[in-house]
Amino acid sequence: MNSSRSSEQIQISHLRCEYLVAPLGIDEREPRLSWVIASSRRGARQTAFRLRVASTPEKLAAEEADFWDSGRVESSQTTHVVYAGKPLCSRDFCHWHVEVWDEAGNSAISTHSHWSMGPLTQSDWAAKWIAADPEIIRRDIGAIAPSLTEPGTPALFRREFEVPGAIKRATLYASARGLFELRAHGKRIGTDVFAPEWTDYDKRIHYRTYDVTTMLAPGRNALAATLGDGWWSGYVGWQETRARYGSLENSLMIQIEIELVDGQKVFVNTDSSWRCNTGPILASDFMMGETYDARRERIGWDEAVYPDKDWLPAREIAAPTASLVAQRSEPVRVMETIEPVSLKEISSGVFIYDLGQNIAGWVRLRVKAPAGTRVAIRHGERLNPDGTLYRENLRRAKATDVYICKGGGEEIYEPYFTFHGFQYVELTGLPFNPGAAAVTGCVVRSATSDAGRFECSHTGVNRLWLNGLWSQRDNFLSVPTDCSQRDERLGWTGDAQVFLRTASYNMDVAAFFTKWMVDVEDAQTADGIFPDTAPRLREGGNYTGLDGLGGAAGWADAGIIVPWTIWRVYGDSRIIERHWNAMVKWLAWIERHNHDGLRVNELGNNYGDWLCIPGDTSFRTHSPMKNLLATAYWADDAAKMAEMARVLGREAEAGRFQVMFEKVRAAFQREWLREDGRLTVETQTAYLLALAFDLLPEDVRARPAEHLVKNIKALNWHLSTGFIGIGHLNPQLMLTGHADVAYRLLLQDDYPSWLYPVKHGATTIWERWNGWTEHDGFFLSQMNSFNHYSLGSVGEWLFRHVAGIELDPAMPGFQKFVLRPFIGEGLEFARTSYRTMHGMIESEWRRDGKDLFWSICIPANTSARVHVPSKSDTDVMESDTRLEKQGVGIQVSGRKGNFLICETTSGVYKFKSTI
Ligand code: BGC
């Protein structure tokens, strides 16, 4: 389809502010605006834009931009345009649109979008922090079931108030130490769960903003809140006690600001006039589960005119010293529901449901049973050979919800403040078969939007990609966690960094990682050590991850890798600017403690190539392999710092980091490279890091690659890497001319391989290659998660090298990019799409014998260097015509090996070639 220039209008979509769609209550004073332009016309591009921001929609419609009118700016920029209008104040409501001009002289105006500013200073907060009077528990729950006061019993709060006239706008700001669920007039406010989300509560606490204009009404209103434990006071990680931030007391702060049509303002703030009580939730905790007694529901408590005389006044308590900040990432929500694929009664009264998919979330229970019936819902990822739930790998997480029926009809229950990682559900306590409809799986995660799709001719590979996506869905819950089921679920920095590129192909994770990077920096020690897990839990004075863990090679280095990757993928230079000092401090720490360019990291942990084969899970010990790995990461950190310094215009620092890189690289070669191109530490990962981080002299690169292949061959074409090496394995094989070996490893389904778990029914990525084997059954339960994304980092390779959608080395953000698929034996086709900040890239190839058909779509306002796999220049066709030097939107620029290279503008191109 050769489309030529036309007057066809371009379309503008995906208006976003700080990566989010119409966010409310942000605290970024110079927010960045982005949009996407689309056109099917080849070469369509933006030549100019004009942003208008106004205080009301009417003003914007009249093009009266009282906040900001950028004027016409001659530019192709559509992402991260920094707001440069009137300084923004607390509560400003900003309505905006963008007008763009294209190269054909057409112009178009987008629909309207908006964002609002939250309270920007501490003095904007008038509400008091309130906590429940412990007496409510003593007089009530304590008497019924004293043992249930551990874990915590969520409290209810309520307050009634008058609204004296018609409402123009009502905004509710809320924060908590703990988790809240809010209701007004009998309805839930918002669709987010687990708010406010996890941060280092000693340093910052999120507030959330809700538009409640239509939820309140003139006259009497009621606002109600349930307050649970969550990360603040519940069990976190493998810790044996609760309250990791020092207090078991949950507290809540709500500030409602109502503007009436007549100009009056009404404020409703939490204080001791709020009343508190216990409710139906007897106990709730992330790890342990929730116990809910429906007979204790307080009907009408969230509506006006409710008799709350026996409720006690809430206690005002000291406000936290930590800063209150807006949450800058997508909230956690129920994103989808799943019906079971089977139900079995494995013994009398024990019903096992299989959801057919390992998820993170909870069960929506639907039952009809007499009052007092106690239904226990237990969760597990796998079944034992006898059909019972396999739960040993949950360690101390009880992962059990209990629902006590109120009787009198069908009852539907979903827990409030807990989640579990599970595929199988066991129901007990019902004197009859509850039927398949009793259980629905609710998938709960951060609401990051989908970005990529991958499909190919091999069903196992498709499932492998999907398993990585599911492990991402199940573990991107407020922070990138290692696993979703056992007593851990921590933001392990190593896991996050090895999977980050895969994650960014699967979903738009820019806002998610922008938020988490703040947690990583918050956990950095005064000396500069980045943590092994973030957010930090309070463990005494200094800052680092859980149990004081920090500084591990490949883990702590996430402090550099994450900002660098977000900059590269999303063209976001602000994240590197914001974390620059922290990154410099980290490298200064490494330099202070390691001499001669070798990183032996005596003061930090070293997990090595975690869970490689054969594995070594000691992390305080050192070995040549661990030192090699640490040194390689040091070199790579320095190289990334030099690159980022250049972007920030910090030339002197760029030079200094370049010198650091050269020094560490030289030390690496001195210590581990032999003359014959072999490394003295001969593991797959040692070779992979040397290649991926450019640690070898140019003239010897081919030889280590051959040794790597020899190593793989010696294992009868099997991989043996752990978390650190695995993501580099296929990319490096491909880039060193061993695409055949990469495809062979991909399609291998004997242990150990990516497809081995797939062959045995995995629906997520397993923590370890041998989580379960035919020979040994389950691995030791102490560390055996079936939902750990790290070994799923092969997803990156599927997008980058199989589909060929790759960043331009010189330009971040995909406005200019590379398309270069490596076609290999075993796949007949691959079909991929990937939504970038600039729109959807598509790459779809199909082979038929020696013929290759490849169609690509390059979004408007972008261009690509396209590498067409082909034996010779003469047989490449594009849209049924022989590709000469030049066509509409495309220009041949040369040949490199088996690729014809073309420079292309936006549009759809269909190639046919012989391979
Ligand atoms: C976690 C990880 C983590 C590791 C550190 C494990 O317990 O589950 O995935 O990276 O510890 O080595």
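1. Contact is taken here to mean heavy atoms within 4.5 Å. In that sense, and leaving aside residues up to four places away in sequence, Phe513 touches Phe476, Pro480, Ala496, Leu500, Val562, Ile566 and Ile575. The model is a predicted one, in which local features need pLDDT of at least 70 and side-chain atom pairs count only at pLDDT 80 or more, while totals for chains, interfaces and linings use all residues. Residues are numbered from 1 along each chain as its sequence is written, and side-chain values use heavy atoms, with hydrogens and water left out.

2. Phe513 is also one of the residues, with Phe194, Leu427 and Phe911, that touch the most other members of the largest nonpolar core, which has 211 residues. A nonpolar core is a set of buried Ala, Val, Leu, Ile, Met, Phe, Trp, Tyr and Cys residues joined through side-chain atoms within 4.5 Å, where buried means under 20% relative accessible area, exposed over 50% and partly exposed in between, with a 1.4 Å probe and protein chains only. Helix α10 (residues 624-647) gives the most to this core, with 13 residues; helices (H or I, at least four residues) and strands (E, at least two) are DSSP runs, numbered from the N terminus. Another core, of 38 residues, lies apart from it and includes Phe157, Leu182, Ile254 and Trp274.

3. The largest pocket has a volume of about 1,400 Å³. On a 1 Å grid over the protein atoms alone, a pocket is an open set of points with protein on both sides within 12 Å along at least five of seven lines, a cavity is a set where a 1.4 Å probe fits but cannot get out, and lining residues have an atom within 4 Å of a point. Grid points are joined across faces, edges and corners, and a volume is the space filled by probe spheres set on the points. Of the 39 residues that line the largest pocket, Trp564, Lys640, Ala692, Gln732 and Arg800 lie nearest its centre, and helix α14 (residues 723-735) gives the most to the lining, with six residues.

4. The second largest pocket holds about 840 Å³ of space. Its lining has 42 residues, and those nearest the centre are Leu20, Val21, Glu330, Pro331 and Arg333. Strand β15 gives the most to this lining, with five residues.

5. Five cavities of 30 Å³ or more are found in a search of the whole structure, and the largest cavity contains about 90 Å³ of space. Among the 13 residues lining the largest cavity, Trp754, Pro757, Ile765, Trp766 and Trp769 are the closest to its centre. Helices α4 (459-475) and α16 (755-759) each supply at least two residues of that lining.

6. Gln524, in the loop between α6 (510-522) and α7 (558-570), counts as buried because its relative accessibility is 6%. A polar atom of the Gln524 side chain lies 2.9 Å from the backbone oxygen of Ala582.

7. Some backbone geometry deserves a separate check. A cis peptide bond, with omega about 5 degrees, joins Ala534 and Pro535, and the peptide bond from Tyr751 to Pro752 is also cis, with omega near -10 degrees. Phi is positive at His80, near 55 degrees, and at Phe814, near 65 degrees. His80 counts as buried at 10% relative accessibility, as does Phe814 at 1%.

Technical notes
A polar contact is a pair of N or O atoms within 3.5 Å; within protein, one must be able to donate a hydrogen and the other to accept it, and residues adjacent in sequence count only if both atoms are side-chain atoms.
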